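I set out to record what can be looked up in this structure, one entry at a time. The structure itself comes first, and my notes follow.

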Amino acid sequence: MKTTSKAYLNKAKELLKDLDLNQYGPLIALIVLVIISSFASPYFLKWRNITNVLRQISYTGIIALGMTFVIIAGGIDLSVGSMTAFVGGIVIILLNHFGGGMFAILIAIGAALLMGAAAGAFNGLIITKGKVAPFIVTLGTWGMFRSLTLYISGAGEFRSNSFLFPKLGMGYFLRIPIPVWVLLVMAIFYGILLNRTKFGRYACAVGSNERVAKYSAINVQRIKFITYIITGFNVAVTSVLLSSRLNSINPTTAGSGFELDAIAAVIIGGTALSGGTGSILGTLIGAIILGIVNNMLNLLGVSPYLQGTVRGLVIIGAVLIQRKRG
Amino acid sequence: MAEALVKTENIAKEFSGVRVLNDINVDIERGEIFGLIGENGAGKSTFIKIINGIYQPTEGRFFFEGEKVKRMNPFRAKKLGISTIPQEFNLVDHLNVYENIFLGQEHKKNALLLDQKRMKQLTRDLMEELEANISPEDRIDEISVAQKQMVEIAKAIAYESKLLIMDEPTTVLTSNEIDVLFSLMRDLSDQGVTIVYISHKLREVNKICDRVMVLRDGEFVSLKPTNEVTEHEMANMMVGRELNQMFPEMTTPREEPVLEVKGLSNDGLVTDASFHLKKGEILGFAGLVGAGRTELAETIIGIRKQTEGEILIEGEKKEISSPRRAVNNGIAYLPEDRQATGIITNFEVPKNITLISLKKYIQNFLISQKKERESTRKYIDEFNIQVPSINARLETLSGGNQQKVSLVKSLDTEPEIFIFDEPTRGIDVSAKMDIFNFINELVESGISVIFISSELEEIIGMSNRVAVMREGKITGILEGNEITEEKIMYHATGLEERVV
């Protein structure tokens, strides 16, 4: 009997050794944060507050899922915020053009998803074929998408006349907001894509060591290209949900700062900024951590102007912790 | 007798409870060339890293010039006059040669300005002494690997060192460059500089060193003057058993060609290369470093673009424009630089092994991790790969085991043609023998092998035929009793006309 218990102990020790801090660190941080928050504010654990926080994070969370692939494969995408406004603007224009009914909604959504994927493909094409650094390319398109949005809008707001469209973004299913469902379903899909498919494995290989990947008969450029398409597609999903929630898109402010939140969620979630490893669950947790931090600052009455500072500190802190472990 | 330059007393080192070096007592005399040999993992690197301050010993004491060294660190080591030429280069790619040599100890004109003229002149003098054709203003990323090695050597002797540690400095050098290096080492030793020389090349150790110390599994095995010990004895002491036959019995290939390469060119790196490979044959590729052997292999497998020529596999013309096509056509390649192109160090063993052949493990769009593990276990048993656990990351494996994983990774694609590029570089005698035996098993099962190596002994011991390259061209294909060290060198250096 004694020997078996010893064997179990050894096995447990081994499991603990394999336990990757990068994987569980974010989860532990989240649990600690929830405990502190529930003591700090009586409103925090109210169902309404929780669903609110989850809804808020779902927009940048969905983008962050795509960003996870981009960063794992060794890239970065700064254009996602303005791309959100750009695609959102198109959604509203199409919606109004086709009369705002069910048919119009379906056309607008379909077109938006295609537009998003195409915008991502544009980033990916210049990065892979033009061999320009992702940071520079997406900094350029970040400016372009915002400017195009403003140009198309004529500096006014994109407003939808549809009564049906807002039901999507405002709606609930089983007491949970629809955007949150979308985020969860997409997270499961992308989690499988990352961990269990050839594409996910190759993306990690490309980000870990591009030359080894090339010598291992992996089409490195195609993998990178696809990660930008995924991100563009996800941006479009966010655009649809966001424009439907507001039934309008402000060309100046919509999606502004989303790139920062998305990248932050990915990094806080334990994905290495240098690429190679990462997790979708981590990104989801990272997004929730950011959401709770914002929520707490609101509940505690901290000036909204200071929230950016706190968020910045959280990001820097997460990267510092990553460094220490690495 | 004058006291030793370095004296260690019961030095031991543990890493998280594992003893990698145990109870080493040794005196290294002033001005001697001290050989240090052992298999990978024998503790050679750990020993020198204790001397140059990168590691702290767990136990024991260590004296330099008779004084006890309390806490050595790399900075103090440098101040005391201990320089190391590391196995991996430590040069800044986008700086010039002279800037690298004086990095951190620049000569200055005054408080603000550097004395570039003086540093360039000193560099020129050093290069002349090394008989290396390198200009002080060449950028590091523009010079060859052998030249980089020379810059590392120049960097180490530019500091007035008392103790010079050389870790495998000749791996990438040609025999001519090695001769220059050896005569320089003798000069330095005459001037009283002590040299610790680590190498897998036992012949060199025998030639240049005064004494040689053998380590095995972290234990001291022997320390003898080199004139009292033969190469064969050294090898036996390193491995701890009698080494009989280094190379396995050669097999006879069949007549039909599997691979035919006709007039293959690649923008100046490879010019008009033609050869064929028979089924079940080992075709050796010899030549000096930079002769274009790797470039030829990389052109065949589609990493580099072929500008002219054609490739036939079993008589059929094939367009191999990407590594994937090479895999699909049954060609596997084991790259020469395993860290840079062979394995992903932060991936676990199974993920590395299945990286090229991942398709085999897909069921309904998903990777079957069960199949991956099964296949990995099979390979671990078959090739005796030493791993802490099946899911260990590659960075935790020793060099020889990493090489085995790299090899298995290519093997898992079930190739008909296997190209090995320097498969034994930087690995120890018994791992080398494992690889030779493995190659032999491959050809016995009908797979055809291209074997690129800079070790003539290996080429001669293993190959049915030998192709020799020089400056991107195949200058000769030798068969039967033509395969001699002399003949190969004549073709490799371009002197064959004089002899024939």
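**Entry 1: a hairpin in chain B**

I began with the hairpin formed by β9(B) and β10(B), which has 2 residues between the strands, and found that B:D217 takes a positive phi near 50° there. I note that the model is a predicted one. Strand β9 (residues 211-216) of chain B and strand β10 (residues 219-225) of chain B run antiparallel and are joined by 6 bridges. Within this pairing I found B:V214 opposite B:S222 of β10(B).

I then looked up the other partner of β9(B). Strand β3 (residues 33-37) of chain B runs parallel to β9(B), with 4 bridges between the two. There B:L36 has B:M213 of β9(B) as its bridge partner. I asked how many of the 6 residues of β9(B) are buried. The number is 5, so the strand is largely enclosed by the rest of the structure.

**Entry 2: an open sheet in chain B**

I next traced an open sheet of 6 strands in chain B, with mixed pairing and the order β16-β19-β20-β13-β21-β22. Its edge strands are β16 (331-334) and β22 (473-479), each of which pairs on one side only. From one strand to the next, the twist averages 20°. As background, I recall that the strands of a sheet pair through backbone hydrogen bonds, in either a parallel or an antiparallel manner.

Inside this sheet I looked up strand β13 (residues 282-287) and strand β20 (residues 448-452) of chain B, which run parallel and are joined by 4 bridges. B:F285 stands opposite B:I452 in β20(B). Helix α14(B) packs on the sheet, where it touches β16 and β19 (417-421) of chain B, and its direction makes about 170° with that of β16(B). Helix α17 (residues 485-493) of chain B lies across β13, β21 (465-470) and β22, and runs at about 30° to β21(B).

**Entry 3: the nonpolar cores**

Which residues touch the most other members of the largest nonpolar core? I found A:V87, A:A112, A:A236, B:I419, B:I450 and B:F451, in a core of 156 residues. Helix α3 (residues 47-72) of chain A gives the most to this core, namely 13 residues. Another core, of 61 residues, lies apart from it and includes B:F64, B:V69, B:M72 and B:M238.

Leaving out residues up to four places away in sequence, B:I450 touches B:L277, B:L283, B:F285, B:A297, B:I419 and B:F420.

**Entry 4: where the chains touch**

I counted the contacts between the chains: 17 residues of chain A are in contact with 21 residues of chain B. On the side of chain A that touches chain B, α9 (198-208) and α10 (210-215) each supply at least two residues. The residues of that side divide into 4 nonpolar, 7 polar and 6 charged.

**Entry 5: helix α11 of chain A**

At 1.5 Å a residue, its 27 residues should span 39 Å, and the end C-alpha atoms are 40 Å apart, which agrees. α11(A) is followed by A:N247, which has a positive phi near 55°.

**Entry 6: further positive phi values**

I kept in mind that most residues other than glycine have a negative phi. A:A217 is not a glycine, yet its phi is positive, about 65°. A:A217 is found in the loop between α10 and α11 (220-246) of chain A. Is A:A217 buried or exposed? I record it as buried, because it has 24 C-beta neighbours inside 10 Å and the cut-off is 20 or more.

B:N384 likewise is not a glycine and has a positive phi, about 55°. Its place is in the loop between α13 (369-383) and α14 (399-411) of chain B. B:N384 is exposed, with 11 other C-beta atoms within 10 Å.

**Entry 7: a glycine in a helix**

Lastly I looked up A:G25, which is found in helix α2 (residues 21-40) of chain A. With 19 C-beta neighbours inside 10 Å, A:G25 counts as partly exposed. Neighbours within four places in sequence aside, A:G25 is in contact with A:G270 and A:I321. A:G25 and A:I321 are 296 residues apart in sequence, while their C-alpha atoms are 9.5 Å apart in space.

Notes: Residues numbered from 1 in each chain as written. Chains lettered and ligands numbered in written order. Predicted model: local features only at pLDDT ≥ 70, side-chain atom pairs only at ≥ 80, totals over all residues. Contact = placed C-beta atoms within 7 Å. Nonpolar A, V, L, I, M, F, W, Y, C, P; charged D, E, K, R; others polar. Core = buried A, V, L, I, M, F, W, Y, C linked by C-beta atoms within 7 Å. Buried ≥ 20, exposed ≤ 12 C-beta atoms within 10 Å, placed from the backbone. Pairing = 2+ DSSP bridges. Axes fitted to C-alpha atoms, helices over the stretch in contact; angles between N-to-C directions. Expected span 1.5 Å × (residues − 1).
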